[in-house]
Amino acid sequence: MERYNNPPVHNLVTFGSQHMGISDLPACKPTDFLCKLASRVIKSGAYSHYAQTNVVQAQYYRDTDNLEAYWEANSFLADINNEVAETVNTTYADNLKKLENLVLVMFSDDKTVVPKESAWFGSYSPPEGLIPGSNTGEKTIVPMMLQPTYLADTFGLRSLDENGGVSLEICEGEHMQLSQDCWEPLVRKYVGGSLDWKLFRSAF
């Protein structure tokens, strides 16, 4: 939508999306050594050219302990969030600000998206010094309104929010475990036009 908003999107609802990336992979069981090995391999190679051009998950891996490497190598997320000053694309902000509503839905027990607050443009705090006010590397959350991209309004999120266009919602449960009580009120509110609800429900 930021890149190709034609015809224009009016309302955008996202469910458990990794808007600020993932800083870790889902936790492995204590005795699952193959899982732990795979996790280490993925983390060590996420910023390689091969991973960035062939593995979608790698394009969302945002290592807050190594943001310099992320900014240099990431091929999607750092760009779409206009995190790199030298490559800021003002079209992204122009298009985002055309939205009437951006609805960000986080799952209360999400263990797939780490941290789950990424769905609300939150992230783990990086080492001290990279983001003003962040602590000494503890795994605390930097909320949307304290993100440098929000403060600088690099892709229009702050403008949209200050105009009342950003809504933060919670769905109870794990990642993409969408209950009707969760999705139906949001669809009724933000999806335009009349709908055959029996037909629509059958899609879920």
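**The disulfide and the cores**

Cys-171 and Cys-182 form a disulfide, with 1.4 Å between their sulfur atoms; a disulfide here is a pair of cysteine sulfur atoms within 2.5 Å. Cys-171 sits in strand E5 (residues 166-171) and Cys-182 in helix H8 (residues 180-190), so the bond ties together parts that are 11 residues apart in sequence. Helices (H or I, at least four residues) and strands (E, at least two) are DSSP runs, numbered from the N terminus. Searching the whole structure turns up 1 disulfide.

Keep in mind that this is a predicted model, in which local features need pLDDT of at least 70 and side-chain atom pairs count only at pLDDT 80 or more, while totals for chains, interfaces and linings use all residues. Residues are numbered from 1 along each chain as its sequence is written, and side-chain values use heavy atoms, leaving out hydrogens and water.

Are the two cysteines buried or exposed? Cys-171 is buried at 1% relative accessibility, and Cys-182 is buried at 11%. Buried means under 20% relative accessible area, exposed over 50%, and partly exposed in between (1.4 Å probe, protein chains only).

Now for the nonpolar cores, which are sets of buried Ala, Val, Leu, Ile, Met, Phe, Trp, Tyr and Cys residues joined through side-chain atoms within 4.5 Å. The largest has 27 residues, and Leu-102, Phe-121 and Leu-157 touch the most other members. Helix H4 (77-80) is one of the elements that each supply at least two residues of this core, and H4 gives the largest share, 3 residues.
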